[in-house]
Amino acid sequence: MAAVPAPLPPAEAEALVRALQGTELRDTGGQGWLRQHEYVEKLNMHGILSASAGQEQLLTELLVTYAKIPVLIGELISVEIWKHKVFPVLCRLEDFKPRSTFPIYVVLHHEASIINLLETVFFYKEICESAEDSILDLIDYCHRKLTLLAARSTKGQAVELRAQDLASPSSMQELQKQAEAMEFEISLKALSVLRFITDQVESLPLSALTRMLNTHNLPCLLVELVEHCPWSCWEAGKLKKFENGTWHVVPPEDQVKMTKLDGQVWLALLNLLLSPECQRKYHFDGFNKSQLLKLRVFLTDVLIDQLPNLMEMQRFLSHLAVTEPAPPKKDLVLEQIPVIWDHILKKNSGKWEAIAKHQVKHAFSPTEEELKLQARRWAQTYSLDMMEALAPDKPRCRVCGVEAAKRCSRCRNEWYCTRACQVQHWQKHKPACNLMAEVPRSVVDDL
């Protein structure tokens, strides 16, 4: 595996942060939008590398200084709406047969890049505060994603998105499968972001607390996640858990071990239920009380040993079981409401098909030369060496999924365990290989 590259120089990181700006949904996938995606992707990789080296404070300061957190939240919600309103139209267009679906994949991946960047920086209180009114929109976004997670938990294991699937999909149907798998991972990132928001309950505006506790009833939604644990499943008599971007079999001796995702749910519950301000505002009615008391069966000695703070949760639930909490105090305040989602929907309502056809013409049907030029930019943005250095697992065969040691010598994108698998995959891989093979290995900065 390649050595981990260094984070961006401070001046370059600052230039990228300053260049971040909002885009119109209609322009998604266009040249201006792609530049913004490149900035986000580079900052995302920079954030991961900085965090691994304990140096993420500079990125945090830049995002706060230039007030870019609301911009990122706006772009996150814009691409979420695009995925739900425009992408299905693209998939239904019978006369749309793209030469390459990678330009569309980039749009789908944009949401994952932004939420990953937010997960990296939202650990810091000043980031949460710099979101200002857009924190309400982010809370709504996280609620939508957690609701999807809770719904998926009754349908079995989510589709696994393998690292090698980052190559250009061969069809719109395959792209839809990748979008579904990506949605699962995005939702898990949203869970982490929400937990970081709950860390700051004492400094959040009252409207944010009301939104989390009463509008969306997040405590009860988190109880559902504890009950059904969508990142864990049984398959052929073996327990599998989703960690570091992949499903893996858990050995018997580790089955009671708390994962990072389990910890995020419990920490969010601790923040929302044990804070005096939250207890003052939350409706502990009959239904909510009965749902919260379901947690007692999960609070075993083994779990509490791993997260000792849960002892306080255990005491709180024991007290809740034998008391009737006072009704929530009503504050006479003007409640703020999120505006980004409604603004985008209202602006584009009834235009989804027209937007899809506009984007087919101007963004998703590039000529051969335009595709080659964009491939050069992608090669610069998606540094293969960097992604390999950050990957938690060794590469796997594109065909059979076993550990791979051989790599396509032309494009260096695909891995195979044997030549037989490479030959079998060639017809499917050939278009992307031909495109990427023509990209120079060194790309000038002004491309």
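Residues are classed here as nonpolar (Ala, Val, Leu, Ile, Met, Phe, Trp, Tyr, Cys and Pro), charged (Asp, Glu, Lys and Arg) or polar (the others, Gly among them). The structure is a predicted model, in which local features need pLDDT of at least 70 and side-chain atom pairs count only at pLDDT 80 or more, while totals for chains, interfaces and linings use all residues. Residues are numbered from 1 along each chain as its sequence is written, and side-chain values use heavy atoms, with hydrogens and water left out.

Pockets and cavities were located on a 1 Å grid over the protein atoms alone: a cavity is a set of points where a 1.4 Å probe fits but cannot get out, a pocket is an open set with protein on both sides within 12 Å along at least five of seven lines, and lining residues have an atom within 4 Å of a point. The lining of the second largest pocket divides into 14 nonpolar, 4 polar and 4 charged residues. Of these 22 residues, Cys 229, Lys 241, Gln 255, Asp 262 and Phe 298 lie nearest the pocket centre. Two or more lining residues come from each of helix H11 (218-228), strand S1 (232-235), strand S2 (238-243), helix H12 (260-274) and helix H15 (301-306); helices (H or I, at least four residues) and strands (E, at least two) are DSSP runs numbered from the N terminus.

The whole structure holds 1 cavity of 30 Å³ or more. The largest cavity, with a volume of about 40 Å³, is lined by Leu 20, Gln 21, Gln 36, Val 40, Val 71, Leu 72, Glu 75 and His 110. Helix H4 (69-85) and H2 each supply at least two of the lining residues, and H4 gives the most, with 3. By class, this lining has 4 nonpolar, 3 polar and 1 charged residues.

Gln 36 also takes part in the packing of H1 against H2. The axes of H1 (residues 10-19) and H2 (residues 31-52) come within 9 Å and cross at roughly 135 degrees, where axes are lines fitted to C-alpha atoms, for helices over the stretch in contact, and angles run from 0 to 180 degrees between N-to-C directions. The contact (heavy atoms within 4.5 Å) joins Ala 13, Leu 16, Val 17 and Ala 19 of H1 to Gln 36, Tyr 39, Lys 42, Leu 43 and His 46 of H2. These comprise 6 nonpolar, 2 polar and 1 charged residues.

Definitions and conventions: Points joined across faces, edges and corners; volume = space filled by probe spheres on them.
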